Amino acid sequence: MKSERPVVVGIDIGTTKICTLVGREEVSGQLQILGVGIEPAQGIKKGVIVDLAAASQAVKRSIERAERTSGMEINAALVSVAGAQVSSTNSRGVVGVSGRVIDQEDILRAIESARAIPIPHNREILHVIHRGFTVDGQEGIRMPVGMHGYRLEVETHIITVSASSTENLRQCVSFSGVEVSQFVLNPLAAAEVALTEAERQMGVLLCDIGGGTTDLALYSEGDVWYTAVLAVGGNHITSDIAQGLHLPTSQAEQIKIQHGHAIQSEVDKREMFVIKPFGENEAVEISRAELADIIEARVEEIFTLVLQELKRSGYDGLLPAGVVLTGGSSLLPGMRTMAHRVLGVPVRIARPEGLLGMADRLNSPAFATSVGLLKWAYLYNEFLPLEPKKGSFGPTKSHQAWEVMKEWLRRLLP
Ligand SMILES: Nc1ncnc2c1ncn2[C@@H]1O[C@H](COP(=O)(O)OP(=O)(O)OP(=O)(O)O)[C@@H](O)[C@H]1O
Ligand SMILES: [Mg+2]
């Protein structure tokens, strides 16, 4: 019988919420959620820490809650990364093999050569994703180990992030005595929950619209081809409502969730609700269509920015499987329609499914990244001890990160 799999921990540090999850993969392949800690975020703007003390306290509350609900002590976790400091590029690595059989070390050398791109000293490599090899000019080889050849090339997607933003995240988590075992780019974690293998093969865009950021990851032929983080999200919709209707942000957020719609023409013009704007003693009635008008402009803008990114990636018109939306803002009625209208491809909304245990609150597109972190841990064999571990992972420097990555690759390669 297969033995029980190790317990893993993910901390999704979002602009509006911090979500710590403790989970374990069952023999059936389903995720059992053992502990949940969801807390409102503080000190984070557009996915980036702007107040370390406030953010650390919020993260602490989330971790403590996950510890209480799981009855376990958390010492290490995977942590999500987003924000404007993320950027990505494609790079090709080439090495000579001199006619012998290609082995693991050749693959690592090829990937190492792809990594040798100039990176400013204040940035570090977050992920190196290899997606296909070429042996002696023969393209599209998925795994060349065991083949003969003279020249091995690898195509990679390299994601870098500002070293200070990961350092701040690391500090924020270590305030609770928790070590970061790996950072994972938000949309890559969400994709593990949201996308099917068929979609990834066909060509699909994962689009996670959260509070402060819209995170994109484009997959084709099974691999990641493009990633981007846009600094817009649901909070911008809320602040447009607050400004347009002269409301405090908290009230604007509440009416967005209660009455909001992304398509004005789909709302009945006679539908009214009451608000209490600044400078008014009495509550005033406004129509739902007026609210939708404000929201529609911003949502259209968000998807137009997504379209621009798609064009930049060179993949627009090449997404047979369309777009899959996650993130809390995809709950806004009309989002699917607007996405389809602007992007012109099929659109669906995804949420974590098939979870066991404490999964009630996680059944929302807002938790795709949080649950995705747990899946990522198993995918990369990244088992996190719940006791402190000597010499554990923690890619503080780019070189160290590469050493960790090499170790994973060794394990993954045949
Ligand atoms: N029912 C709803 N209708 C409209 N918007 C919603 C709804 N529920 C949540 N949202 C919006 O979703 C956003 C939060 O989404 P999410 O939890 O995915 O963000 P986050 O992970 O904290 O932030 P980010 O990933 O951008 O850093 C908020 O702007 C919130 O207003
Ligand atoms: Mg998020």
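Between domain 1 and domain 2 an area of about 700 Å² is buried, and carbon and sulfur atoms give 50% of it. On the side of domain 1, the residues Arg 131, Arg 142 and His 157 supply 57% of the area that this domain buries against domain 2, more than any other three residues. These values, like those that follow, refer to a predicted model.

The two parts that meet here are set out as follows. Domain 1 comprises two segments, 86–161 and 400–412, whereas domain 2 is the segment 196–349. The contact between them takes 10 residues from domain 1 and 7 residues from domain 2. Taken over C-alpha atoms, the centres of domain 1 and domain 2 are separated by 36 Å.

The interactions across this interface can be considered next. The rule finds 1 salt bridge between domain 1 and domain 2. Arg 142, named above for its share of the area that domain 1 buries, forms a salt bridge with Asp 223. In that pair, the closest N and O atoms are 3.1 Å apart.

By residue class, the side of domain 1 that touches domain 2 divides into 3 nonpolar, 4 polar and 3 charged residues.

Notes. Residues numbered from 1 in each chain as written. Chains lettered and ligands numbered in written order. Predicted model: local features only at pLDDT ≥ 70, side-chain atom pairs only at ≥ 80, totals over all residues. Heavy atoms only, no water. Domains from an automatic or database assignment. Contact = heavy atoms within 4.5 Å. Buried area = accessible area lost by both parts, 1.4 Å probe. Salt bridge = Lys/Arg side-chain N within 4 Å of Asp/Glu carboxyl O. Nonpolar A, V, L, I, M, F, W, Y, C, P; charged D, E, K, R; others polar.
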